[in-house]
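Good morning, and thank you for the time. Please look at the screen.

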Amino acid sequence: MDFKNKDVISINDFSKEELLHILKVARQMEQKPKGNLLKGKILATLFFEPSTRTRLSFTSAMEQLSGEVIGFSNANTTSIQKGESLWDTLKMTEQYADVIVIRHPLEGSARLAAEAASIPVINGGDGSNQHPTQTLLDLYTIQKVKGRLENLHIGFVGDLKYGRTVHSLVIALSHFNPTFYFIAPDELQIPENYLDELFRKKIKYFKTSDLNRFGKEIDILYVTRIQKERFPDPLEYEKFKGVYRIDNEFLQHAKKDMKIMHPLPRIDEIDKSVDSTQHAAYFEQAANGIPVRKALLALVLGKAK
Amino acid sequence: MARKKYSKRKERARKKEKIKAKKAIAIPNEEIKRELKISAIDEGTVIDHIPTDATFKVAEILDLENHQGIVSIATNLQSKRIGKKGIIKVGGKSLTQAEVSKIAIVAPDATVNIIKNYDVKEKIKVKTPDVIDNVVKCSNPVCITNNEQVATKFYVLRKDPLKIKCHYCERSMGKDDIEII
């Protein structure tokens, strides 16, 4: 499977076989690290909006493979401030680097960036649309903690309406015959178009606002933050803030080997006391960003097969 | 006497029937009726089978407000195929491929008739394309296409009722959200 020069823009662009191949290469990166793999290669990180994990883990992944990193994390210090278009910024950047990671607040910006640049472009998040490297590291984590991706019972809790990580993961997991449990207040439930897609693919799902209703069934509980920035009205946010809380009492009614994931940052959705239990998988999940991003960099640069 | 009266009545009824039958022949069919309502053109284009509520949208797409030739627009006409329909006749104008594609988006059942010397020279059934290039505006305000100079592109997910997906922001749009550029 050849990924050389391929862009990584949307999880919708990848087949089941391609997803599994990326996870296989990520496992190789973790088990048999090759320190010089990307020596002489340059990654440009174009971060038009703030990010901690994505930018740091891409930088770390590139440097661990002996590559170099250039870029910016604040668009105000660049020519964009002078009115330069995204297209022109990309045309300029492709002259200086071998691969580009872009994060931009506008949806579809990564797709446009990939059309502008002749070198591979990886989407590090385009507004509420896609964040494919997060989805890949979520899949990698599930495969690691459960030993498989097929036939799992997966619960999603929190903001399922605006949460792009949830939407992309639902699409990616649809390849693996899952059963989904969507746990959210009606106002923050998963959008209908995703349910239509699941219905079309004959995937079983349940919708509820009661966190405890399916506790005994769930293998993976994917918790998300209620995102304040997505609410136009602050009073609406106050209504939903803290509506679900995962704590030790909830865990007493859960499967013994149920794992909890969270894309982080968390506010108060998961009590700190859960961190030390065997259920917590969210810090391991954040760490998995490194092998997955190493695999993607090596694959699109033609240094892994 | 009574008999005479009866036959006179019968005669009147027969005459009535005759008039009725004559009238029935004289009643034009739907096509002819329509022709009476909207005058014929010698050269130009007739767009038929437009859903009634999309008639003025088609006129807007073709910028008929600024057209210098004859323009006739009729709406709420009876149609066996689509219920109520609209017709637009434009004198001295032939449509570009881009205009036909735009019409297909708001009026997927429309037919475009090219008229020469009062005759239909060609009849084209519009076809909703699989990909719509630079015709529709994305309804998502934070889509890159609404913020940077980019030609829009949409994939047709479903033709009837129309559902399309933005190539850039991946947002789906239904018929009611569609705005022509």
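How many residue pairs are in polar contact between chain A and chain B? The count is twelve, with both residues of each pair at pLDDT 80 or more. That threshold applies to us because this is a predicted model, in which side-chain atom pairs count only at pLDDT 80 or more.

Let me describe the side of chain A that touches chain B. Two elements of chain A give two or more residues to that side, namely α3 (86-93) and α4 (109-116). Of these, α4(A) gives the most, with four residues. By class, the side of chain A that touches chain B holds seven polar, four nonpolar and three charged residues.

Two salt bridges are counted between the chains. In one of them, the side chain of R111(A) meets that of E170(B), at 3.3 Å from N to O.

I turn now to the extent of the interface. Chain A contributes 14 residues to the contact and chain B contributes 13. The size of an interface is often given as the accessible area lost when the parts come together. Here the area buried between chain A and chain B is about 1,200 Å², and carbon and sulfur atoms give 46% of it. On the chain A side, L106(A), E107(A) and L112(A) supply 45% of the area that chain A buries against chain B, more than any other three residues.

Two or more lining residues come from each of α6 (164-173) and α7 (192-200) of chain A, and from each of β8 (153-158), β9 (163-166) and β10 (172-174) of chain B. The largest share, five residues, comes from α7(A). The lining of this largest pocket divides into twelve charged, twelve polar and ten nonpolar residues.

Finally, the second largest pocket has a volume of about 720 Å³. It is lined by 35 residues, with R103(A), R164(A), R225(A), Q227(A) and L264(A) closest to its centre. Elements of chain A that each supply at least two lining residues include α2 (53-64), α5 (132-146) and α6. By class, this second lining has 15 polar, eleven nonpolar and nine charged residues.

Note on methods: Residues are numbered from 1 along each chain as its sequence is written. Chains are lettered from A and ligands numbered from 1 in the order in which they are written. This is a predicted model: local features need pLDDT of at least 70, side-chain atom pairs count only at pLDDT 80 or more; totals for chains, interfaces and linings use all residues. Side-chain values use heavy atoms; hydrogens and water are left out. Contact means heavy atoms within 4.5 Å. Buried area is the accessible area (1.4 Å probe) that two parts lose on being put together, summed over both. A salt bridge is a side-chain nitrogen of Lys or Arg within 4 Å of a carboxyl oxygen of Asp or Glu. A polar contact is a pair of N or O atoms within 3.5 Å; within protein, one must be able to donate a hydrogen and the other to accept it, and residues adjacent in sequence count only if both atoms are side-chain atoms. Ala, Val, Leu, Ile, Met, Phe, Trp, Tyr, Cys and Pro count as nonpolar, Asp, Glu, Lys and Arg as charged, and the others, Gly among them, as polar. On a 1 Å grid over the protein atoms alone, a cavity is a set of points where a 1.4 Å probe fits but cannot get out, and a pocket is an open set with protein on both sides within 12 Å along at least five of seven lines; lining residues have an atom within 4 Å of a point. Grid points are joined across faces, edges and corners, and a volume is the space filled by probe spheres set on the points.
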